[in-house]
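Visitor: I should like to learn how to read the interfaces and the confidence of a model of this kind. May we take the features one at a time?

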Amino acid sequence: MAIIERPSAPATVPAIPSASLGALKRPVTTQHGWRSWLFTVDHKKLGIMYGATALFFFVVGGLEAVLIRLQLALPDGRVLNADLYNQMFTMHATTMVFLFVMPMVSAFANYFIPLQVGARDVAFPRINAFGFWAFLFGGIFLNLAWFLGGAADGGWFMYAPNSGPVFSPSHGVDFWALGLQITGIASLTGAVNLIVTVLNMRAPGMSLMKMPVFTWMATVVQFLLLFAMPVITVALFLLMFQRNFGATFFDVAAGADPLLWQHLFWIFGHPEVYILILPSFGIISEVLPVFSRKPLFGYPFVVFSGAAIGFVGWGVWAHHMFASGLGPVSVAVFSVATMAIAVPTGVKVVNWTMTLWGGKLQFTVAMKFAIALIVLFTVGGLSGVTHAVAPSDTQQTDTYYIVAHFHYVLFGGAIFGIFSGMYYWWPKMFGKLLSERIGNWNFWLMAIGMNLTFGPMHILGLQGQPRRMYIWTEARAGEGFFNLAFWNLVASIGSIILAVGVLFFFINVLVTARRGAQAPLDPWDARSLEWMTSNPPKEHNFDSIPTVGHLDEFFHRKYAEDHQSGEIRKVQGAEEILAEMERNKDAHIHMPSPSYWPIVLALGLPVIAFGLIYSIPVAIVGGLIVVLGCFGWAIEPSTARDEDVDPPAAPSTEVVRHG
Amino acid sequence: MTSARPRPTAVNRLGSMRRRVLPALALVALAGCASNAPQDTWDPAGPNAQMIDDLQRPVFAVAGIVGLIVAAAVGWAIFRFRDRGQAIPKQTHGKPVLEITLTIIPALILAVIGVFTVRTVFDLSKTDDTEMVINVTGQQWWWEYDYPVQEEFGITQPIITSGQLVIPVGTKVMLRQTSRDVIHSYWIPRLNGKRDAVPGRVHLNRIEADEPGIYAGQCTEFCGLSHANMRMEAVALSKEDFAAWVAQQLAPYESPADGLAKEGEAVFLNQCVRCHQVNGLERADGSPAIAAPDENVVSGAAPNLSKLMSRNTFAGAMFDLLTPACRRDVWEASPADFGSKYLAGVSEDCLNQTDLRGWLRNAPEMKPMYANPALLAGTGGKYRGMPYLALTESDIEKLVAYLVTLK
Amino acid sequence: MFTTGSKFFIGLSALGAVSFAVFMVLVNPSSIGATALFGFVPAVALAAWLALWSRDGEPDESSPAASAVPSPGMWPFMAAAGVALVLVGTITRPAVLILGVVVVVAAFVEWTVQSWSDRASADPAHNADLRGRIMQPLEFPVLATIGSAVVILSFSRIMLAVSKSAGAVLFIVFASLVLVGGVLFAVRPGLKRSLVAGVCAVGAVGLVAGGVGGASSGIRAELVEAKSEGHYTHRTCGPEKDKYGDKHALLGVSSRSAVIATVEFVEGTLVARVQGNPAETDRITIPRSNPSSIIFRNKTEGDFRLVARLGTAPVAEGVVEEVEQCTQLIPSGAEQLLTLTIPKPSLEPGAYVLEVAGIEGQSIEVIVP
């Protein structure tokens, strides 16, 4: 189907030959090939690119993790030296948090929020594209440090003054601070964009309380990002000035207090934890009802507990600092606040369990990941309660017990949710079902590997093995069942199993891409709006924007409930619904035009960052690229013009592109 | 190679096992014939750690029970409600009464835990009945302990030592912790929870040991390259033994009479004294030899080596001064004769010659310490940790002979 | 679609990028060579972009004839004015010369693009649009920067010249005017363009005139004096008042959550308390080479400062100087922090002491083991 409609040219304007624009026409005509990806503003293409990039960084971060575990498998490990080990665990955490889970969430949010709220794209498509490119360039920039004298070596928390120029003389921390600054810009723009989309572009009839849970949780996350990113931005600027321009924000001799960094970092860092986990809560709140064949139990409770976590999450940051000498009053207050946040989290676990209760459960791979999340996250949540108890935390913090805790929360929680989402939404995104057979290998190896890796870390931590040690010594390992030697080895073996499990996912993707059959229109008998379109969706998402009357709109169009018997029967299938939508299709669909400027603007950012590290003139060049990008973007006409279109299209098709 | 300390009591072992419910049964036999790691957090040996332990055991129990309930509920749902061809269930949207009940119950449990937590937090922060004060200063990658003058303990002159903290048993000791460079964290798990040592701040940390013995610890705030090697021990001595230890530390310096040790003193004056102080050491011209670590290392301090051989470890407690056999003898001593064995110090026969010589030969090779001279530009040429000194083998021979006299 | 010229520049830019990468990894990332190559790549890329955009400056064969009438332009005039500035600059000041060169370069760039776009097609509107798409991304930021610079420079000259209180008033008046003007323009979108432009022009002229006036009348005397006295740094630790140093005594950081000791001057007696030990003492222990904070509280009628006398240190060959550090003069009931870093141990008793300036016989000994 032709997509582009040219506005009919007024008679007074002579025809302009398109050739006069050379290669720099607006890239409106590129529907295929690399240019259609490079300059796209389509939320679905950007979502896929976010996902692909995030999975690449997942592999990078995963290899770093395997190296860490190999080093620690035996006492006095020799796989890595101390310096390399410190870089490895710093970059493992940084990569997994900022370059895998956060962009993976962006991938799902970008792809599915417009579909779930019945919109044709996000509110600011070009900003969306800019966000992706800024994230990609920031991620590459962060990792370039490996090749330019060593990566950051201060831990992802980068406590001052250990991150200062005296204690970390390589450029690693500079690359880290500036790289995160760039990805932070990406997160901020994405947050604004998605918030506006959700608040303003919902389909008619979709009140906030009829919005799918994933969209709800992702929106809470965008608000968290909106307020958390500025804090880390400030902290990173202080760090940059301290390292590169001789500032003394954390210099004790100049009267500063190094705890300033910790407060800034954790005021960002704790909401960040919820930024990582809430979207996965949203994903499984979509998956569980579909495969239980009944609605989410207590939808308003799930939504409000999510929002409550979003609020209370701001009042608990100092529980990362119970050992840093805050004084008993602060410790007591933050300890109690941390316990309070366990309540809304517990509400969610109850609701998921009750959703399963009385259902008709189908154990697809997506469902298995979702159920595993409930159990594994509960383990992580409960170990969380044990260190919400501040005195007990002073024994546990900075030991492997904490490593076990947050990997149960983030691997068992966030990442299992992400995998559940991938298996669930893969047919929607690519039109093919991932293989369930390989998927089962994927799930079981990951579940076993994850428990073998992180389960023993509870023991290691309670036996007093601190984190971030490049070696452990036999002299402090003990004997008997709880000896560190045995459980370190188990954890390392587990990490290999886990890696193999993840490998099966990529095998599954390859096999599906090669041999997978076309997926049916509604493979899971799903419930929400994103399934009310083709697989993969058309560029304009919906032929006609649906009017929403129920929470599970799609389900309610397919099924009717007999009021007397309470029996539920199917009245029509997805095909009929789609056919009807196509019959009533909207006459004029306005789609945004692709643009060069987002990628140009994003390219300027790493150039500035390079310049700040190596030479200021380079930073000025980067600044000029950014300024050029901003103005080119601002001046770019909102609608692609006649001369941008080549060849001129017949003025009979449906979709008009606007900037 | 193995740690040794009194076996855990049955209660402790049970506590540790609660974490791993299933394998627990299989281990009773195993755990019965072996000891846990020396930094076991479930094995308190003093009132502060005991307070924490009393609080955390019930919390772990409650958490374990809640976890089992959730797992059982999910497991039952998986088994009972799997798809066996039943009709599509009724599309219920939830039961608010159930929801609210299941919200209030955990809230109540947490409220109870919260009350006890707050009480323990304030109990642990009590300082007004302190009996003894020790200043603890962390730097990359070792701990310095200085004992301010406290006549009631016989400390008439400040004592400076490092690596091993020596305290009297049954005494409420206040550690006033700070740091000279980056943030470190002082943690002797069997005596109390950890507390960060932050430059520019003094953090108070109270410890008290019930029995004589040696208690292992480890720096737990990431502090750079050799974070993993920044260990420490707390040594508890009976009150009499502690008085003897103080007298030993305050004893005047005795220059070796002659021979290899005397030559070693000359090497020391020539090389080591740039950073390392030995109280009472005099130069050939009779002037006191004052170390100037502030001119040579970033942190501005290096371990004071007076009475080095009264300690069991060196290089930030990374290496033992004792041979493995002698070490085991001290670590595994019963509380009754621990004191006399510790106070005996390091004899020539027990000296761990391999590590000490290796250290003198090339310290940065034994412990990662940013020794690369190319990285010293940002520090104005100052070292972090001990540099490579290019000592000859005969110098090392003399130095070892001299060091072994420092007790 | 790629023209000959653009192919050349693209190739050059790719070559530059490769050599830059090689340089970064193999040679030295912070060398001048890397910087030069780094600047080279975007510069050539820009040239490639221009070549692509303008089709190497060739008019399109298939297009209708270029517009016969060139659009009116000010660039010949600007170029001439630039040349004049260059000439004046060569005999007066280098700054004028640089300004002239910039004007000439800008004029030639604008002129070139103008004449190229005039020949792009027969439609003047389309030609103007083409010019805009190339030049506006450059013009807007440059003009905005110049405009902001003028405003900031003028306003800062005014604020430095007037007295402190007049400055506050002026600031409020100026801000209100901007606010009122902005609101007026916003709620009355129908206002005549010429009126708006006129108001803005008057405001701009007034601001620049004020700036020139401020610059010529010089900085206010108070600031000149403060600068000559080294602003707010201490110069003496004696009991007398230091005009600028002690002015803001109570605005300093007064206390923090953790200090090594508290020193109080109570009714003429100096006492110390070590943190963590409530007993009064007349000596405190400070770890060597460690920044340590001491709180000084004045509980005696009158203004006093705490002075730390830290022995002597060599400042040059054979010259030693007393080392001392002090708080500001603080009134009764106030407190202030003093941070000391003492690198050398106290060898004999009384090597390091804390005293109150102007009070004899009261001191706290500082022991540095």
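Visitor: How many salt bridges are there between chain B and chain C?

Guide: This is a predicted model, and its contacts are to be read as such. Between chain B and chain C the count is three salt bridges. One of these pairs Asp294(B) with Lys344(C), whose closest N and O atoms lie 3.2 Å apart.

Visitor: Which elements of chain B give two or more residues to the side that touches chain C?

Guide: They are strand S1 (132-139), strand S5 (173-179) and strand S8 (203-207) of chain B. S5(B) gives the most, with four residues. By class, this side of chain B holds 12 nonpolar, 10 polar and seven charged residues.

Visitor: How is the extent of such a contact expressed?

Guide: The size of an interface is often stated as the accessible area lost when the parts come together. Chain B and chain C bury about 1,900 Å² between them, with 51% of it on carbon and sulfur atoms. The contact draws 29 residues from chain B and 23 residues from chain C.

Visitor: What is the area buried between chain B and chain A?

Guide: That area is about 8,700 Å², and carbon and sulfur atoms give 67% of it. The residues in contact number 106 from chain B and 103 from chain A. Five salt bridges are counted between chain B and chain A. Among them is the one between Lys360(A) and Asp83(B), with the closest N and O atoms 3.0 Å apart.

Visitor: Which element gives the most to the side of chain B that touches chain A?

Guide: H4(B) gives the most, with 16 residues. Elements that each supply at least two residues to this side include helix H3 (47-80), helix H4 (96-124) and strand S10 (231-237) of chain B. The residues on this side divide into 55 nonpolar, 33 polar and 18 charged.

Visitor: Let us turn to a single residue. Is His319(A) buried or exposed?

Guide: The reading rests on relative accessible area, for which buried means under 20%. His319(A) has a value of 14% and is therefore buried. His319(A) is placed in the loop between helix H8 (299-312) and helix H9 (328-356) of chain A.

Visitor: Which residues does His319(A) touch, not counting those up to four places away in sequence?

Guide: They are His270(A), Phe334(A), Thr338(A) and Asp393(A). With Thr338(A), the side chain of His319(A) makes a polar contact of 2.9 Å. A further polar contact, of 3.3 Å, joins the side chains of His319(A) and His320(A).

Visitor: Where in chain A does the pLDDT fall below 50?

Guide: Where pLDDT is low, the predicted coordinates should not be read in detail. In chain A, one such stretch is residues 649-654, which has 15 contacts in the model beyond near neighbours in sequence. Residues 1-23 of chain A also stay under 50, and the model has 56 contacts for them beyond four places in sequence. Chain A as a whole averages a pLDDT of 89, and 92% of the residues score at least 70.

Visitor: What is the average pLDDT of chain B?

Guide: Chain B averages 88, and 91% of the residues score at least 70. Over residues 1-33 of chain B, however, the pLDDT is below 50, although this stretch has 53 contacts in the model beyond near neighbours in sequence.

Notes:
Residues numbered from 1 in each chain as written. Chains lettered and ligands numbered in written order. Predicted model: local features only at pLDDT ≥ 70, side-chain atom pairs only at ≥ 80, totals over all residues. Heavy atoms only, no water. Contact = heavy atoms within 4.5 Å. Buried area = accessible area lost by both parts, 1.4 Å probe. Salt bridge = Lys/Arg side-chain N within 4 Å of Asp/Glu carboxyl O. Nonpolar A, V, L, I, M, F, W, Y, C, P; charged D, E, K, R; others polar. pLDDT = per-residue confidence, 0-100. Buried < 20%, exposed > 50% of the residue type's maximum accessible area, 1.4 Å probe, protein only. Polar contact = N/O pair within 3.5 Å; in protein donor to acceptor, adjacent residues only side chain to side chain.
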